Amino acid sequence: MKGSSSSSSSSSSSSVPSEKPVKFKVRAVVTVRNKIKEDFKETFVKHLDALTDRIGRNVVLELFSTEIDPKTKAPKKSNEAVLKDWSKKTNVKAERVSYTAEFTVDSNFGEPDITCESRIEKPLPMYIPRDERFEESKKNTFSVKRLKGVLHNLLPGLKSSLSAHNQDFNEFSDVDGLYSVGLLIKLGLQDDVLKKLPLPKIVSKIQESSQGILKYDIPKIISKDKFAWLRDDEFARQAVAGVNPVTIERLTVFPPVSKLDPEIYGPQESALKEEHIVHQLNGMTVQEAIDENKLYIIDYHDIYLPFLERINALDGRKSYATRTIYFLTPLGTLKPVAIELSLPPSGPNTPSKRVVTPALDATTNWTWMLAKAHVCSNDAGVHQLAHHWLRTHASMEPFILSAHRQLSAMHPIFKLLDPHMRYTLEINALARQSLINADGVIESCFTPGRYAMEISSAAYKASWRFDKESLPQDLIRR
Ligand SMILES: [Fe+2]
């Protein structure tokens with residue numbers, strides 16, 4: 001809503017739908033609560049709003065149905081209804097002012113979706129309270145970072161949508177090219193192609209930008225050893241010192257057991273057996289290794305399995321739910337000893353789980369490589385959707401809102417929280433417009449595709465606990 005007012009709405013229908021779909025009218029009443037005392041700026045904004053209303057830039061409402069339109073595959077929508085008399089009622093001094101809007105809806109519209117929230121599209125900014133907005137200096141560093149982020153995240157997607165065969169990378173040298181040749185050259189975006197692109201603004205900005213931004217920064221490990229990522233010790237090192245060191249935990253039960261409903265997801269038992277790993281434990285039995293805290297697990301079974309059928313039905317996405325078992329060697333390094341790959345059960349006699357162990361020959365070497373690649377793909381998803389977006393960005397928002405609403409700016413707890421909360425609301429708003437939105441960067445580049453946010457919210461329901469989120473509790477738990 002406009003200015004600093006708050007609003008509530010109610011609606012009532014004025015005719016009864018018959019069997020054949022007919023159009024009928026629904027009237028919405030929107031109540032705006034005025035401030036008792038406005039400052040100069042608020043009065044100015046109010047008059048500006050009234051002026052734009054008079055020249056036809058009205059406040060517009062739309063009704064969304066809980067039912068899906070079979071044609072658009074999106075929720076059914078009403079027409080756009082203008083909030084009447086906005087400018088006329090500008091000077092009404094009452095505490096509450098009511099406005100009406102009239103929708104025209106088909107009788108087969110279904111129930112209006114009261115939980116529906118429509119995003120404010122770019123370039124219009126989402127509303128952020130003033131004291132949570134970026135300072136000018138933050139804005140500058142953020143836009144450089146964002147340009148880099150756009151390059152790193154958007155362009156591979158752009159490239160695949162431009163390519164006739166819709167292939168992201170044909171060979172490993174394509175990946176190396178991201179560091180050595182740079183993306184613009186890889187895209188082959190010459191001037192004439194640039195003009196035809198649906199995103200001319202972003203792309204020309206990229207062309208204007210310096211060479212350094214065009215190229216991906218070479219990861220340190222790759223600059224030292226190009227093939228490090230192929231080896232088991234590097235794979236295991238990343239479990240504790242890579243981008244996501246917060247999933248690995250001590251193994252306490254072997255074989256691991258799923259907590260998913262067996263009625264829906266099949267037997268809870270894992271396919272992992274003692275014989276898969278016992279010869280890799282320096283002479284220990286599995287129980288001895290567990291007792292001496294030598295076995296660790298990254299378990300992505302329960303977070304992925306409920307989504308696999310839908311993910312694997314998407315074009316170009318293939319995923320398993322993975323479990324990886326690590327052994328802590330006498331050198332103090334981790335070693336992956338087994339990977340379990342699971343799919344939802346497709347029938348009583350079709351095995352849905354398989355275990356892959358480190359390679360013995362050329363063939364098993366590639367199976368093992370591919371199993372590790374699936375673990376990394378699972379890990380990238382959980383890292384960004386559960387640990388990053390959910391646990392740092394999304395779950396902080398209610399705390400930030402309530403701290404501002406309930407605590408004085410002088411309150412010692414507010415003082416302590418403030419530097420941690422700063423800018424999160426604005427970053428989240430930007431993420432909602434550009435990263436986690438439908439068909440945005442996350443959905444187009446991540447394996448879970450359009451189910452990304454559903455995985456995030458399922459992870460919140462299944463495992464987010466306020467008292468377990470901080471140190472040292474998180475480390476004690478794991
Ligand atoms: Fe972040």
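Figure 1. Leu-328 stands opposite Leu-334 in β11. The model shown here and in the other views is predicted. Strands β10 and β11 are antiparallel partners, joined over eight bridges. Five residues lie between the two strands of this hairpin, and Gly-332 takes a positive phi near 85 degrees. β11 is mostly covered, with eight of its nine residues buried.

Figure 2. Leu-341 has Arg-354 of β12 as its bridge partner.

**Figure 3. The buried face of α9.** Which residues of α9 are buried? They are Phe-235, Ala-236 and Ala-239. Seen down the axis of α9, these buried residues fall within an arc of 95 degrees, so they line one face of the helix. An α-helix has 3.6 residues a turn, so residues three or four places apart point the same way. The buried residues of α9 pack against β9, β10, β11 and α14.

**Figure 4. The largest nonpolar core around Tyr-326.** This core holds 49 residues. Those touching the most other members are Tyr-296, Tyr-304, Ile-325, Tyr-326, Ala-338 and Leu-385. Helix α14 gives the largest share of the core, seven residues. Leaving aside residues up to four places away in sequence, Tyr-326 touches Ala-236, Ala-239, Tyr-296, Leu-334, Lys-335, Pro-336 and Val-337. A second, separate core has 11 residues, including Val-30, Leu-83, Tyr-99 and Phe-109. In soluble globular proteins, nonpolar side chains tend to be buried together.

**Figure 5. Ile-218 in its loop.** Ile-218 is found between α7 (211–214) and α8 (220–224). Is Ile-218 buried or partly exposed? Ile-218 has 14 other C-beta atoms within 10 Å, so it is partly exposed; a buried residue needs 20 or more. Not counting residues up to four places away in sequence, Ile-218 touches Tyr-179 and Ser-223. Asp-176 is 42 residues from Ile-218 in sequence, yet the C-alpha to C-alpha distance is 9.3 Å.

**Figure 6. Two cis peptide bonds.** Phe-254 and Pro-255 are joined by a cis peptide bond, with omega about -10 degrees. Pro-255 sits in the loop between β8 and α10 (262–265). Another cis peptide bond joins Leu-471 and Pro-472, where omega is about 0 degrees. The loop between α19 (452–463) and α20 (473–477) contains Pro-472. Most residues other than glycine have a negative phi, and most peptide bonds are trans.

Figure 7. Asp-85 is not a glycine, but its phi is positive, about 65 degrees. This residue lies in the loop between β6 (81–82) and β7 (96–106). Asp-85 counts as partly exposed because it has 14 C-beta neighbours inside 10 Å. Asn-293 is not a glycine either, and has a positive phi of about 55 degrees. The loop between α12 (286–291) and β9 holds Asn-293. With 11 C-beta neighbours inside 10 Å, Asn-293 counts as exposed.

**Figure 8. Confidence along the chain.** The protein chain has a mean pLDDT of 81, and 80% of its residues reach 70 or more. Over residues 1–14, pLDDT stays under 50; the model has 30 contacts beyond four places in sequence for them. Over residues 159–166, pLDDT also stays under 50, with six such contacts. Where pLDDT is low, the predicted coordinates should not be read in detail. The chain has 20 helices and 12 strands. Of its 478 residues, 20% are buried. Among contacts with a separation of 6 or more, 63% link residues 24 or more positions apart.

Terms used
Residues are numbered from 1 along each chain as its sequence is written. Two strands pair if DSSP finds at least two bridges between them. Helices (H or I, at least four residues) and strands (E, at least two) are DSSP runs, numbered from the N terminus. A residue is buried if 20 or more other C-beta atoms lie within 10 Å of its own, exposed if 12 or fewer, and partly exposed in between; C-beta atoms are placed from the backbone. pLDDT is the predictor's confidence in each residue, from 0 to 100. Two residues are in contact if their C-beta atoms, placed from the backbone, lie within 7 Å. A nonpolar core is a set of buried Ala, Val, Leu, Ile, Met, Phe, Trp, Tyr and Cys residues joined through C-beta atoms within 7 Å. The arc is that of the directions from the helix axis to the C-beta atoms.
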